[in-house]
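Reader: Could you take me on a close look at the pockets of this model, and then at what is packed around them?

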Amino acid sequence: MTISPEQAAWFQKTFDKLTDNMELAVLGKRHVVRLTLTCLLSEGHVLLEDFPGTGKTMLARSLANTVQGSHARIQFTPDLLPSDVTGVTVYDQHKSEFEFHPGPIFHSIVLADEINRASPKTQSALLEVMEEGRVTVDGEPHAVGRPFMVIATQNPIEQAGTYRLPEAQLDRFLMKTSLGYPDRAATVELLTEAKVRDRAALVKPVITAETIAQMSRLADDVYVDPAIVAYVAELAEESRRLPHVKLGISARGCLAFIRVAKSWAAADGRDHVVPDDIKDLAEPVLAHRILLDAEAQFTGVSVEGIVSRLLDSVAPPTDRVA
């Protein structure tokens, strides 16, 4: 069963409304805003890696303010403990029993700010909840609600005292993207409104958590032709054969690719995925999942270049199978 043209049109209209609302805080970055919203509707998580002052935290806060639900911000530091993220079980003397006190991870949208500044032990506290939507404390599983999304940020400079995210955790992020510096028009508008101290405060909730869940279910019903599925599978296989690639696209990466392509197509008002959706999403979905060998950095090979070469080496389908 696929979504109807009317449902696809409603999806696009609602998606554009969310994008316009977030752009009140994040100027001139509509593409990145759309990627972040697509990640939310695909029930995935996003990693923002960029230089200081480019609006990473502003993007996360504007998304949190757009959705009528709870949100929390965790400032990752070297002394942050896993229990500071997940919560802790304490003994209640009055009830003579242990009671679980949930941590900030039990919110709809969680901003993990500067995630690479926390120890690997604390970073790993996010692994289970990002993959399975639950947290296990003292042997007891505790489910988080829906929708649930982690927006993590990290700074590519000032690496002293930071801990690089392991590949296993990077693979759990549906997308990795960056904002970059705003163009001149956006910069002029930002400076003209310099009296606004907190642009995220301009963003008011325009959608409920239930509607987000409804849009996610609609995106699941977007049609994906077997030719598109075969195209993604061939991209994964070819990624493992390219020179300088130590680790190619995993099966989890392929599943992520299909899920996010469905949401991206629905956001464009379509009830089916086309090859251009795969091309548009290739870099944010695949770049952080590909690991290069040691020789690559000496020969000037970049992950972005590998993704571009991958798309060039695998021809997209031109005909539908069914």
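Author: **The pockets and the packing**

The largest pocket has a volume of about 990 Å³. This is a predicted model, where local features need pLDDT of at least 70 and side-chain atom pairs count only at pLDDT 80 or more, while totals for chains, interfaces and linings use all residues. Residues are numbered from 1 along each chain as its sequence is written, and side-chain values use heavy atoms, with hydrogens and water left out.

A pocket here is an open set of points on a 1 Å grid over the protein atoms alone, where a 1.4 Å probe fits, with protein on both sides within 12 Å along at least five of seven lines; lining residues have an atom within 4 Å of a point. A volume is the space filled by probe spheres set on the points.

By class, the lining of the largest pocket has 17 nonpolar, 12 polar and 11 charged residues. Ala, Val, Leu, Ile, Met, Phe, Trp, Tyr, Cys and Pro count as nonpolar, Asp, Glu, Lys and Arg as charged, and the others, Gly among them, as polar.

Now to the second largest pocket, which holds about 430 Å³ of space. Its lining has 24 residues, with Gly 53, Thr 54, Gly 55, Lys 56 and Met 58 the closest to its centre. Helix α3 (56-66), strand β3 (71-75) and helix α8 (184-192) each give two or more residues to that lining, and α3 gives the most, with three. The classes here are 10 nonpolar, eight polar and six charged.

Let us turn to the packing. The largest nonpolar core has 72 residues, and Phe 11, Ile 151, Met 175, Phe 257, Ile 278 and Leu 281 have the most contacts inside it. Such a core is a set of buried Ala, Val, Leu, Ile, Met, Phe, Trp, Tyr and Cys residues joined through side-chain atoms within 4.5 Å, buried being under 20% relative accessible area with a 1.4 Å probe, protein chains only. Helix α11 (residues 251-267) gives the most to this core, with 10 residues. Leaving aside neighbours within four places in sequence, Phe 257 is in contact (heavy atoms within 4.5 Å) with residues including Val 232, Ile 278 and Leu 281.

Terms used: Helix = DSSP H or I, 4+ residues; strand = E, 2+ residues; numbered from the N terminus. Buried < 20%, exposed > 50% of the residue type's maximum accessible area, 1.4 Å probe, protein only.
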